[in-house]
Amino acid sequence: MPKAPAAPAPVPEPASYEAALQELEQLVARIESGQLPLDQMLAGYQRGATLLQFCRARLEAVQQQIQVLDEGALQPWNDA
């Protein structure tokens with residue numbers, strides 16, 4: 001009986017906003033080059049969507065902290 005294909009290993013979460021942004025920029029450049037096979041383009045698009053969601057979440061967390069600071073109520077930032 002043939003073996004079922006192994007599930008792809010989960011891609012680790014980026015270490016930082018800057019790392020995610022750099023990876024996202026590289027992915028966009030590779031996709032826009034038009035040189036990727038269709039399956040790699042799809043995988044790149046999916047990874048890009050994950051990276052974009054990560055970046056948006058980080059930006060939102062920072063914006064919330066800035067709002068707290070602007071209101072004069074300094075509270076610890078939760079980097080989660």
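Student: How many helices and strands make up the secondary structure of the chain?

Tutor: In this predicted model, the secondary structure comes to two helices and zero strands. Helix α1 covers residues 17-33, and helix α2 covers residues 38-70.

Student: What follows α1, and what follows α2?

Tutor: Gly34 follows α1, with a positive phi near 75 degrees. Gly72 follows α2, and its phi is also positive, near 80 degrees.

Student: Why is Arg47 called buried?

Tutor: The cut-off for buried is under 20% relative accessible area. Arg47 has 13%, so Arg47 counts as buried.

Student: What is Arg47 in contact with, leaving aside its neighbours within four places in sequence?

Tutor: Arg47 is in contact with Val11, Pro12, Pro14, Glu23 and Leu27. Of these, Leu27 is itself one of the buried residues of α1.

Student: What makes the pair of Arg47 and Pro12 a polar contact?

Tutor: A polar atom of the Arg47 side chain lies 3.3 Å from the backbone oxygen of Pro12. The limit for a polar contact is 3.5 Å between N or O atoms, one able to donate a hydrogen and the other to accept it. The distance of 3.3 Å is within that limit, so the pair meets the distance condition.

Student: Why is Thr50 called partly exposed?

Tutor: Partly exposed lies between the limit for buried, under 20%, and the limit for exposed, over 50%. Thr50 has a relative accessible area of 42%, so Thr50 is placed in between. Thr50 is found in helix α2, and its C-alpha is 9.4 Å from that of Ala20, although 30 residues separate Thr50 and Ala20 in sequence.

Student: How do you know that the buried residues of α1 are on the same side?

Tutor: The buried residues of α1 are Ala20, Leu24 and Leu27. They cover an arc of only 65 degrees around the axis, and therefore lie on the same side of α1. An α-helix has 3.6 residues a turn, so residues three or four places apart point the same way. The face turned away from the buried side of α1 carries the exposed residues Glu18, Glu25 and Glu32.

Student: What covers the buried residues of each helix?

Tutor: The cover of the buried residues of α1 includes α2, and the cover of those of α2 includes α1. The buried residues of α2 include Gly44, Gly48, Leu51, Phe54 and Cys55.

Student: What makes a set of residues the largest nonpolar core here?

Tutor: Such a core is made of buried nonpolar residues joined through side-chain atoms within 4.5 Å. The largest has six residues: Ala20, Leu24, Leu27, Leu51, Phe54 and Cys55. Both α1 and α2 supply at least two residues of this core. Cys55 is in contact with Tyr17, Ala20 and Leu21, leaving aside its neighbours within four places in sequence.

Student: What share of the residues of the chain counts as buried?

Tutor: Of the 80 residues, 19% count as buried. The chain exposes about 6700 Å², and carbon and sulfur atoms supply 58% of that area.

Key. Residues numbered from 1 in each chain as written. Predicted model: local features only at pLDDT ≥ 70, side-chain atom pairs only at ≥ 80, totals over all residues. Heavy atoms only, no water. Helix = DSSP H or I, 4+ residues; strand = E, 2+ residues; numbered from the N terminus. Buried < 20%, exposed > 50% of the residue type's maximum accessible area, 1.4 Å probe, protein only. Contact = heavy atoms within 4.5 Å. Arc of directions from axis to C-beta. Areas by Shrake-Rupley, 256 points an atom, 1.4 Å probe, with all protein chains shown as cover.
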